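User: Please take a close look at one part of this structure, a loop and the helices on either side of it. Then set that part against the packing elsewhere in the chain.

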Amino acid sequence: MWRSLWRSIDRFSLQHFKYVINELRGIRVVDKHNRELVVDLLQSIVEIVTYGNRQDPLIFECFMEYQVMAEFVRVLKISKNSRIEAPLLQYLSIMIQNMDSEHAMYYCLSNDYINSIIGHQYKFDGGDLAPYYISFLRAVSSKINRDTLCLLVKVHGDVVLSFPLYSEALKFAQHGEKMIQTAVRALTLNIYNVSDDMVFQFVSSPPASKYFSDLVHSIKEQCVRLDGLVLTTEDANQRRKILLLETDKIADDLYYLKDILSVGETCLNEVVTQNLLNILVFPILLPLLQFQQNDGSNISPTTSLYIISLLLQVVGGKDIINCVAEIILYPYMENLRDAGGGRVEKFLLNHLNSEGKLCSGTESDSNLLSKHMSSNGHSVNCSTDDNVCPERGGILALILSENHMLFLASLFLLLTLSESKDIDYLLASMLGVTAMQHGMDHDISTSQAVDGSILAKFMPQILNALLKGLASQLPIAAVVQWHMGWLLQKLLVLQGKMLDDYNLLTFNTSYQQSYEHFQKELDGCWFDYILDTLRTEWTNCRTALEKPSTSKDPFFLLEFAVCSPITEGSASSSYLSWQKMVDVVKVFILHLQLMAFITNGEFLESPLLAPLSSPVDSGKPNTSDLLSVSFGSEISLGSSIPCRIAFSNAGIRDIYLLPAARGVSGKLLLAEKHPFRSQRGVVFAIAPLAGLNPKIDADHPTWLHLRIREFDPRIPNASKANGNKSKTSNHTSDGRWTLGFSSIEACEAARVAILEEINKQRSSVRSALAPLLEHSDEGASKADDL
């Protein structure tokens with residue numbers, strides 16, 4: 001009975017909607033006392049409108065009839081320090097995002113409601129209002145099209161006077177929060193993709209166009225910070241992580257610029273390209289190539305080459321690609337400029353005029369530019385008829401540099417340019433790498449293309465520099481040598497020739513060095529992991545060598561500054577020895593693959609390894625069982641060696657030592673006698689055989705010292721010696737065991753027994769590697785015969 005008197009209210013009904021609207025209309029001021037009530041009313045309105053948009057058309061008609069958008073604007077104006085703005089913007093964003101009807105969206109954008117909300121005087125005082133405001137702007141931008149965009153701009157004739165949605169959003173373009181920056185960029189792209197000519201003219205003209213120059217200036221500042229990190233001498237591992245973070249930020253900004261250029265609007269492309277060239281490319285390239293005096297504020301050469309390479313890969317485009325190519329080739333391309341080149345002149349003259357570095361007169365632009373370039377830089381005398389270059393300047397000063405970093409970075413830049421699909425065929429022919437292909441495509445003879453090529457002329461010196469880097473006696477990190485090998489293989493493919501006798505001899509020297517270092521690792525403390533490392537890195541090496549330059553991350557140009565190789569003297573712990581072994585295997589694989597490519601023109605699919613189906617064991621009974629035991633396992637003590645060990649907490653204990661090897665696996669077990677079974681023992685410690693390096697103490701000949709590898713590459717931060725997870729880092733010192741024996745003879749017998757098992761294990765590894773090493777010897781002999 002009583003239930004019929006208290007009927008539930010349908011909060012999505014038209015009647016309830018009108019009630020909520022009238023309640024909101026009754027609010028005359030919003031303060032801290034009624035803030036929660038107003039928030040609830042706003043939430044109810046948005047929920048009902050969102051429901052009605054899909055279920056009840058009458059609700060939205062009521063929404064328009066009661067001019068609810070005007071009520072939202074009024075609530076903002078009557079708010080007095082109530083902090084109502086954030087929830088109001090949040091609910092508006094939700095409502096707009098859920099509007100599917102063009103009619104509904106058109107109404108919301110009309111009558112200047114949205115512009116009034118956008119232009120309200122908000123107080124962004126470090127609170128949480130900014131994210132809600134930008135989210136609201138982004139929601140609006142996602143709903144505009146060519147029909148509704150006109151509702152948000154103020155025009156006079158065919159000129160846009162103001163565009164609050166765009167202008168207010170740009171005020172947050174350099175905001176500290178990444179989420180807000182991302183939202184602003186999404187908003188701008190939404191606007192650009194509407195493709196309205198008047199809006200394009202507005203955003204590409206001052207003062208709105210300052211956004212693009214500010215963006216490129218920000219990239220330039222990031223590049224300066226990046227250069228500072230490259231030149232610091234901090235911890236290499238930490239510096240690499242920071243470098244990756246900084247380069248990711250620069251790449252993100254460049255990808256955003258690429259998205260803008262992808263819109264395809266001419267005036268937008270021109271302003272973005274001009275800013276990139278004026279602020280980033282020209283100030284970096286001109287001093288680098290010695291075409292402009294260095295004022296002491298320039299970025300270092302290696303970082304400069306990295307930035308330009310990254311720009312070409314990420315942004316690219318005909319204008320930027322060909323401008324960079326023309327600047328690099330400027331001293332060598334007088335004939336090509338006369339033949340119709342000179343794309344760079346327009347951009348470069350604008351840049352020099354804006355910098356006040358070019359005085360105009362009666363001379364032509366080309367003459368003015370040539371005089372400026374020659375007067376501010378080193379002359380380059382490089383006739384194609386000469387066999388030597390008397391004066392080296394420009395790109396030749398970098399590509400023929402004795403500095404490995406500059407040499408590789410400049411070579412990578414030229415390869416990136418030459419393989420770009422946007423480069424003009426005349427410029428490609430000057431580079432020389434793709435001269436023959438471009439000559440065929442454009443009816444230019446092969447001789448005409450090659451005669452003007454830079455790389456083709458100096459290819460022997462370039463190849464020799466790469467090979468000398470590989471064969472250098474100075475320690476070079478494996479990752480750097482992989483990049484050298486990649487460049488070598490790339491040049492061999494593109495030039496269509498093999499190595500000459502001198503360069504082949506240099507390569508064989510380098511190969512022999514890698515072979516000898518690999519052989520040394522077979523006697524090292526990680527020989528048992530060489531096969532696994534070989535299989536893993538073989539695939540990685542081939543993938544790295546076959547990667548096209550267009551998809552190769554130019555970050556490797558900066559890795560040279562932070563990669564330090566592990567040398568013989570520095571590999572004091574098992575962790576460092578592990579790193580050294582991996583590096584040696586990587587370098588050996590690289591040389592095997594390069595040898596195969598030089599002799600046969602293709603890489604090896606997989607390493608030639610003998611099967612491990614019938615391993616040689618130690619002759620002990622149940623050796624395979626011994627290798628599968630774990631801590632606490634029960635084993636037979638029949639062939640074990642009695643000894644004693646001292647623990648700081650437990651005193652001296654009588655134990656049994658049992659080395660066991662089968663195939664490429666080997667363990668050293670320490671066991672205590674079983675309390676009830678005299679011929680059985682319980683394992684309490686396990687260590688890998690490899691790396692034990694047993695030594696008898698010089699002062700106490702009954703003591704045997706063993707080195708235990710604490711680092712386990714399969715389980716980071718784990719200690720195999722004590723069976724517990726290590727809380728120390730991978731750089732921890734190795735474990736040490738000292739075992740005592742009843743006599744000198746017993747101690748020597750234990751040492752010999754351990755070495756025998758280690759040698760059997762090592763022999764299995766060598767047997768597995770035998771086919772690969774034999775094949776490499778055959779490859780070296782075949783290369784000598786070429």
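Analyst: Helices are here DSSP runs of type H or I with at least four residues, numbered from the N terminus. The model is a predicted one. With helices counted in this way, Met498 falls in the loop between α27 (478-495) and α28 (501-521).

Is Met498 buried, exposed or partly exposed? Its relative accessibility is 41%, so Met498 counts as partly exposed. Leaving out residues up to four places away in sequence, Met498 touches Leu492, Phe597 and Ile598.

The axes of α26 (residues 454-470) and α28 are 9 Å apart, at an angle of about 15 degrees. Angles under 35 degrees count as roughly parallel, and α26 is therefore roughly parallel to α28. The crossing of the pair is left-handed. On the α26 side the contact is made by Pro460, Leu463, Asn464, Leu467, Lys468 and Leu470, and on the α28 side by Tyr502, Asn503, Thr506, Phe507, Ser510 and Gln513. By type, the residues of this contact divide into six nonpolar, five polar and one charged.

Helix α13 (residues 210-231) and helix α15 (residues 266-288) have axes that come within 9 Å and cross at roughly 30 degrees. That angle, too, is under the 35-degree limit, and α13 and α15 are therefore roughly parallel to each other. Their crossing is right-handed, whereas that of α26 with α28 is left-handed. From α13, Phe212, Ser213, Val216, His217, Ile219, Lys220 and Cys223 take part; they meet Leu268, Val271, Val272, Asn275, Leu276, Ile279, Leu280 and Pro283 of α15. The composition of this contact is 11 nonpolar, three polar and one charged.

Apart from neighbours within four places in sequence, Tyr192 is in contact with Tyr166, Phe200, Val203, Tyr211, Phe212, Tyr256, Ile260, Val263 and Leu268; among them, Phe212 belongs to α13 and Leu268 to α15. Tyr192 is itself one of the residues with the most contacts inside the largest nonpolar core, together with Phe163 and Tyr166. That core has 240 residues, and the largest share of them, 15 residues, comes from helix α31 (residues 574-600). The residue numbers of Phe597 and Ile598, the partners of Met498, fall within the range of α31. Another core, of 12 residues, lies apart from the largest one and includes Val629, Ile635, Tyr656 and Leu669. In soluble globular proteins, nonpolar side chains tend to be buried together.

Other loops hold backbone features of note. The loop between α12 (197-203) and α13 contains Pro207, and the peptide bond from Pro206 to Pro207 is cis, with omega near 0 degrees. Gln67, in the loop between α4 (57-65) and α5 (68-77), is not a glycine but has a positive phi, near 50 degrees. Asp112, in the loop between α7 (102-109) and α8 (113-118), likewise has a positive phi, of about 65 degrees, without being a glycine. Gln67 is partly exposed, at a relative accessible area of 43%, and Asp112 is partly exposed at 32%.

Methods. Residues numbered from 1 in each chain as written. Predicted model: local features only at pLDDT ≥ 70, side-chain atom pairs only at ≥ 80, totals over all residues. Heavy atoms only, no water. Core = buried A, V, L, I, M, F, W, Y, C linked by side-chain atoms within 4.5 Å. Buried < 20%, exposed > 50% of the residue type's maximum accessible area, 1.4 Å probe, protein only. Helix = DSSP H or I, 4+ residues; strand = E, 2+ residues; numbered from the N terminus. Contact = heavy atoms within 4.5 Å. Axes fitted to C-alpha atoms, helices over the stretch in contact; angles between N-to-C directions. Parallel < 35°, antiparallel > 145°, perpendicular 65-115°, else oblique. Left-handed = near helix turned anticlockwise from the far one by under 90°. Nonpolar A, V, L, I, M, F, W, Y, C, P; charged D, E, K, R; others polar.
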